[in-house]
There are 2 protein chains.
Amino acid sequence: MPELRRDPIIGRWVIIAKERGKRPSDFVIEEEKTKDGFCPLCPGGEHTTPPEVLAYGRPGYAPNTPGWTLRVVPNKFPALVIEGDLDKQGEGIYDIMNGIGAHEVIIETPRHGETIPQMTQDQVKLIFLAYRDRIVDLARDIRFRYIIIFKNFGRAAGASLEHSHSQLIALPIVPQLIQEEITSSLRYFEYKERCVFCDVIHQELSDGSRVVCENKDFVTIAPFAPRAPFEMWLLPKKHRSSYVSMDDWLFGSLAGIFLETMRRLNKALPRVPYNYMLHTSPLRDQTMEYYHWHIEIMPKLTMVAGFEWGTGFYINPTPPEESAKFLREIDMGIQ
Amino acid sequence: MPELRRDPIIGRWVIIAKERGKRPSDFVIEEEKTKDGFCPLCPGGEHTTPPEVLAYGRPGYAPNTPGWTLRVVPNKFPALVIEGDLDKQGEGIYDIMNGIGAHEVIIETPRHGETIPQMTQDQVKLIFLAYRDRIVDLARDIRFRYIIIFKNFGRAAGASLEHSHSQLIALPIVPQLIQEEITSSLRYFEYKERCVFCDVIHQELSDGSRVVCENKDFVTIAPFAPRAPFEMWLLPKKHRSSYVSMDDWLFGSLAGIFLETMRRLNKALPRVPYNYMLHTSPLRDQTMEYYHWHIEIMPKLTMVAGFEWGTGFYINPTPPEESAKFLREIDMGIQ
């Protein structure tokens, strides 16, 4: 079973995924690509993945056969495992926890090679609905405290399979970075009695220089202090801490702005590798006046090197005002 | 002038290095290599770098000419600049500071292509002495609060020049990660009245399973909760919070263990890209009962992707007991 271990000095948890147990000789440049053209995420490869936990758009088809438009399966090589007890223990000054969790793969499209900017708004809406449906389902498991959903696109951003997919990891703890966002937002709220994200949105909309695009419900900005060039945050304009509590009718609007954001990025930097992460409130604290769900989008243009590892500080060569202006002024023409 | 900007939500500072101002078209795969074989860090290239601020081993030679065995110069493309006032200001809810700092390059050897495992112990000792001498010199500038020294080796770890070098950045703030180490160590000290690093060393030496190598003054361990495969920490066995307060006679011993550590790593994973970072106490708090200087060594074998960006949590496929055993049992033969 994988282990969660906490660093006693900085309080940072790591997952030691023993089952993936890599010795030095295993660290070759992996060409995990599709063996002789076979992709386990394509229709027809259903038998090579664990059985699906969710599928959309399969009227009259049997589970785990082709016909779906979106499919969610457990990860075949999970970082955390679903069976077992939490079981915390000490080892001298150290803390260990069993690596209990869920690790799922959201197969975003049946069409191999299709990327997000090429998808229809309806397809993207399905992705966001799948995120919600899986969070709602997994939240029933009382062992889980937090669910992070993220996407790695492109090999340089960590994707080992080409077929468009995102991932979900359910965790038995609230991760440090989310906890820091929450603690810091709460401190702001105690002082101002306002949500710091709402204040950021207000300032960005009235200033305008860091706005990439917006619709009536959502806005995408280049954040004031971006870690990387062309980093973007997508936020709902109205305060809401929990992604899953979003009203149904908003998912189409979310798909619309997200698609516009990703198309702008792709026009500026064609096929740039990227990561995005959905940040929402912890499972047991759905409604928070001081926290605000959002999506963080990080194009992979610079490297995390010694300075960043040593300080938690980032050097970014592109001011967000410039990246926002560039993305905002992209001619979107006819899609 | 570069800007320091603070994220209002998480409190994370970033350096917006406008002068490096990159537009989308600038993000091509950089082959910064040596143009027609010319290396600005080699002897003979002294006129292409800013004038040196330190050089060792040049009896009777004029500054900025060949003959040195180690040389320190300001970075030609600094992330922070040395001239100017600190000047903090707000912009609505945001915090900005002028990007005042120092950014220097420690040219570790005159021999192009020589890597640390190939150096003599005397040469490595010079590197560690240079770190100390530069920190002592820059600490006199009251605008600086922290100095981080780090090395990027190999393109995948962020090195843009092949010639062996490390970097120094003097900062007007204590970076978040260091502050977290200090705050967390202080909390431990308040509870136990002991340094958490000293307790880690004590436990590791008596357990032994995560020890890579040691001598009478220093120990290298694979930390209990490593962020990446083959991560190592090198620590002085006796409590000391500040690197610069280390006694002169210890530098040879430090060079010895460091060289052994890097040679073991290089035998396990030949020419693996890596980063290392020197963590020492902030400039204005040299003596701390609860903090302990150390070097963190991070081989570059995995990628920071969506999960790590989203959570500050790491998935590591190699247990530290395995990596330490592997490194410990390397046959070092005759060097």
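Trainee: At roughly what angle do the axes of helix H1 and helix H4 of chain B cross?

Mentor: Helix H1 (residues 121-138) and helix H4 (residues 250-268) of chain B have axes that come within 8 Å, where helices are DSSP runs of H or I with at least four residues, strands are E runs of at least two, and both are numbered from the N terminus. This is a predicted model, in which local features need pLDDT of at least 70 and side-chain atom pairs count only at pLDDT 80 or more, while totals for chains, interfaces and linings use all residues. Residues are numbered from 1 along each chain as its sequence is written, and chains are lettered from A and ligands numbered from 1 in the order in which they are written. With axes fitted to C-alpha atoms, for helices over the stretch in contact, and angles running from 0 to 180 degrees between N-to-C directions, the crossing is at roughly 115°.

Trainee: Is the crossing of H1(B) and H4(B) left-handed or right-handed?

Mentor: The two helices, H1(B) and H4(B), are roughly perpendicular to each other, a label for angles of 65 to 115 degrees, with under 35 being roughly parallel, over 145 roughly antiparallel and the rest oblique. A near helix turned anticlockwise from the far one by less than a right angle gives a left-handed crossing, and one turned clockwise a right-handed crossing. For H1(B) and H4(B), the crossing is right-handed.

Trainee: How many nonpolar residues are in the contact of H1(B) with H4(B)?

Mentor: Among the residues that make this contact are Phe128(B) and Leu129(B) of H1(B), together with Phe251(B) and Leu254(B) of H4(B); contact requires C-beta atoms, placed from the backbone, to lie within 7 Å. Ala, Val, Leu, Ile, Met, Phe, Trp, Tyr, Cys and Pro count as nonpolar, Asp, Glu, Lys and Arg as charged, and the others, Gly among them, as polar. Beside 3 polar and 1 charged, the number of nonpolar residues is 8.

Trainee: In chain A, which residue has the C-alpha nearest the axis that relates the copies?

Mentor: Chain A can be laid on chain B with an RMSD of 0.0 Å by a turn of 180° and a shift of 0.0 Å along the axis, superposing by least squares on the C-alpha atoms of residues with pLDDT of at least 70 in both. The two copies are therefore related as by a two-fold rotation axis. At 3.9 Å from this axis, the nearest C-alpha in chain A belongs to Val304(A).

Trainee: Which element gives the most to the side of chain A that touches chain B?

Mentor: Contact joins 75 residues of chain A to 76 residues of chain B. The elements that give two or more residues on the chain A side include strand E8 (146-153), helix H2 (176-192) and helix H3 (196-207). By class, that side has 45 nonpolar, 17 polar and 13 charged residues. With 7 residues, the element that gives the most is H2(A).

Trainee: How many strands are there in chain A?

Mentor: The C-alpha atoms of chain A fill a box of roughly 55 × 50 × 40 Å along the principal axes. Besides 6 helices, the number of strands in chain A is 15.

How values were computed
Contact = placed C-beta atoms within 7 Å.
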